[in-house]
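Please walk me through this structure, starting with the ligand and then moving on to the sheet and the confidence of the model.

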Amino acid sequence: MVVEGGVVAVVLVREYDADKDRTAVEEVENKCEVGPSGELSLYTDLLGDPICRVRNSPAYLMLVAEMVVLGGGGDEERREIVGMIRGCIKTATCGTKLSRNGKNCTVKPKTPQLQPVPLPIYTKLAYILGLRVSPSHRRMGIGLKLVRRMEEWFRENGAEYSYMATENDNQASVKLFTQKCGYSKFRTPSILVQPVFAHRLRLDKRFTIIKLGHADAETLYRRRFSSTEFFPRDIDAVLNNKLNLGTFLAVMKGSYDADTWPGADEFLASQPESWAVLSVWNSKDVFRLEVRGASRLRKALAKTTRMLDRAVPWLHLPSAPEVFRPFGFHFLYGLGGEGPNAVKMIKALCGLAHNLAMERGCGVVATEVASREPLRLGIPHWKSLSCAEDLWCIKRLGENYSDRSVGDWTKSPPGLSIFVDPREF
Ligand SMILES: CC(C)(COP(=O)(O)OP(=O)(O)OC[C@H]1O[C@@H](n2cnc3c(N)ncnc32)[C@H](O)[C@@H]1OP(=O)(O)O)[C@@H](O)C(=O)NCCC(=O)NCCS
């Protein structure tokens, strides 16, 4: 509560009410940069639905901070939305345990008695995103209040851990979470962003790309990826969501094609030496991004490369994407593969995803992978559009939960890969 010259101001945190709050929340969102403010800043356009970034999660909540100002006489009352936060909860992998008998295996061993295989250990995991405080109301404790109220909801709903992602150089958010809210720095994956050109990319002819049905994709992901950190146990809900544009598998030409595809079970029972997979998520229909703050010269240069690329697409000019006005993107998730050609196959799959994004009018294609992900070498991206260190911070919400075989996840070392849920990007 603030009292100044007879004027009393109180900040209330309450659940978002779409009918009442939509316009005000969009106004705050429009004023708030995402991440650190610099010469160029990123803004989001939520396409009229402030809850869009969490609504595909199994459980979600959006809170708003409302400033209530009472005038000197106490009879005038003014209300203003000055901040908001979104949160969601799901069940995800936080570690693995070894199975000796092949029972409930995620990967069927060839000799079940001899070969222990990793089984996922799941936890109830909460995620905080879209925390915004109006620039005119910062450093008044509103961000902290929003996080604390969101954590109360997480605890009430049995979440064991809460995590959030921010740019490493976003001082305000890093300090808020690590110094005031008890989070610790956990993982530093990279966001890799590939521009969508005006020309199609040529794909490596040595590979065949097969679009998998949802059931096959689910089998493949559960068997091969469920022991990867952050793998969502409701992967079926992700794959069956209308925003999922498909799961694509690359194999050597001559091994399988769409007509001879034997199904995921048989494929996994006798895998070819090399293969790779990824899925495409249509973030373009969820929200748009916009880069603000660029000079006229920079914008004009980008526009010129774009016009040239459109005029002579056969020259394959690497034109700058149209990011200075709201643009949509596709998100690549569930990247994986094995064998000596897996990196090249991932590159081919990214090429396919680029062409799909081009047909659907996206500005960029983005993905997020662990800092030591072996397949990242195959992911085309522009450094200037990417974020080498996205910082994920984590907090254990309760000490009463059993450690089971994983111990305290917040203290565990990173693996080679993480599974980035497209619903939370
Ligand atoms: C990050 C953000 C939500 C903080 O909101 P806020 O209401 O200003 O934060 P609070 O007043 O509750 O600050 C709590 C603590 O966070 C830290 N903090 C907040 N802003 C800071 C800043 N600009 N620089 C350094 N530390 C800061 C401080 O430790 C502060 O405590 P103190 O004021 O006692 O020193 C706000 O700056 C914002 O909306 N930024 C743009 C969007 C964004 O980056 N969101 C985070 C994405 S996860």
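In this predicted model, the ligand is surrounded by 23 residues, of which Arg138, Gly143, Leu144, Ala172 and Leu176 are the closest. Four elements each contribute at least two residues to the shell: the strands β6 (117–133) and β7 (161–167), and the helices α2 (142–156) and α3 (171–180). The most comes from α3, which supplies 7 residues.

Next comes the sheet. Strands of a sheet pair through backbone hydrogen bonds, in either a parallel or an antiparallel manner. Here 6 strands form an open sheet with mixed pairing, in the order β9-β15-β14-β12-β11-β10. At its edges are β9 (190–195) and β10 (207–212), each of which pairs on one side only. On average, neighbouring strands of this sheet are turned by 25 degrees against each other, direction ignored.

Strands β14 (residues 329–338) and β15 (residues 364–369) run parallel and are joined by 4 bridges. Phenylalanine 329 has valine 364 in β15 as its bridge partner. Helix α4 (residues 214–225) lies across β14 as well as β10, β11 (244–252) and β12 (275–281), and runs at about 60 degrees to β14.

Confidence remains to be considered. The protein chain has a mean pLDDT of 91, with 92% of its residues at 70 or more. Over residues 104–112, however, pLDDT stays under 50. For this stretch the model has 23 contacts beyond four places in sequence.

Note on methods:
Residues are numbered from 1 along each chain as its sequence is written. This is a predicted model: local features need pLDDT of at least 70, side-chain atom pairs count only at pLDDT 80 or more; totals for chains, interfaces and linings use all residues. pLDDT is the predictor's confidence in each residue, from 0 to 100. Two residues are in contact if their C-beta atoms, placed from the backbone, lie within 7 Å. A residue is near a molecule or strand if its C-beta atom, placed from the backbone, lies within 6 Å of it. Two strands pair if DSSP finds at least two bridges between them. Axes are lines fitted to C-alpha atoms, for helices over the stretch in contact, and angles run from 0 to 180 degrees between N-to-C directions.
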